Every structure is written in C-alpha cells, then in structure tokens.
Amino acid sequence: MPICSECELDECEERGRWVILPDEFNNLKWSFQCLMCIRAWRERALERQGLSRDQILAKVNAEYPLVTSAPN
C-alpha cells in the first residue's frame, strides 16, 4: 500500500490519488495523496475563492466522496 506524502498514512490506492508534484529541484515526480489530504487541499482552495462552508462541503463531497470501504 502506498504512503501519503502529506500525512504519511499507509493507505490503499482506492482511498487516495496519485498526483504529479514538483520536488525541491522543480523536477516532476509521482506522489500519493490520501483522500483526506486531497479534500483538505481542495477545501483550502475553495475557501480562498470565497465560498461558504456549505458550498465548500457540497463541492468537495461531490468531487472527492469519502470511500467507506475498499472493494474486495
């Protein structure tokens, strides 16, 4: 299982996303982000856009729904 590069949680791939991020030398590298960290990033971006808390939650839940269990 991959480890989230933000919170270091050991998580299954269904509960996160692989993203491409620059490293300290501005080289692009694949990085795994758990769903909770992705949702937190998105919430902060929407807050900066001036959306209300209800609008933010509705948008984040639609874009990144929480997975309650991994498929067998």
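**Salt bridges**

Analyst: The side chains of R15 and E11 form a salt bridge at 3.4 Å, N to O (a side-chain nitrogen of Lys or Arg within 4 Å of a carboxyl oxygen of Asp or Glu). This is a predicted model, where local features need pLDDT of at least 70, side-chain atom pairs count only at pLDDT 80 or more, and totals for chains, interfaces and linings use all residues. Residues are numbered from 1 along each chain as its sequence is written, and side-chain values use heavy atoms, with hydrogens and water left out.

User: Is E11 buried or exposed?
Analyst: E11 is buried, at 14% relative accessibility, while R15 is partly exposed at 26%. Buried means under 20% relative accessible area, exposed over 50%, partly exposed in between (1.4 Å probe, protein chains only).

User: How many salt bridges does the structure hold?
Analyst: Four. One of them pairs E43 with R53 at 3.3 Å, N to O. That pair links distant parts of the chain, with E43 in helix α1 (residues 35-48) and R53 in helix α2 (residues 53-63). Helices here are DSSP runs of H or I, at least four residues, and strands are E runs of at least two, numbered from the N terminus.

User: And what about E63 and K59?
Analyst: Their side chains meet at 3.7 Å, N to O. E63 and K59 are four residues apart in helix α2, so about one helical turn separates them. Shared partners also join R42, K59 and E63 into one network of salt bridges.

User: Switching topic, in what order do the elements run?
Analyst: From the N terminus, β-β-α-α.
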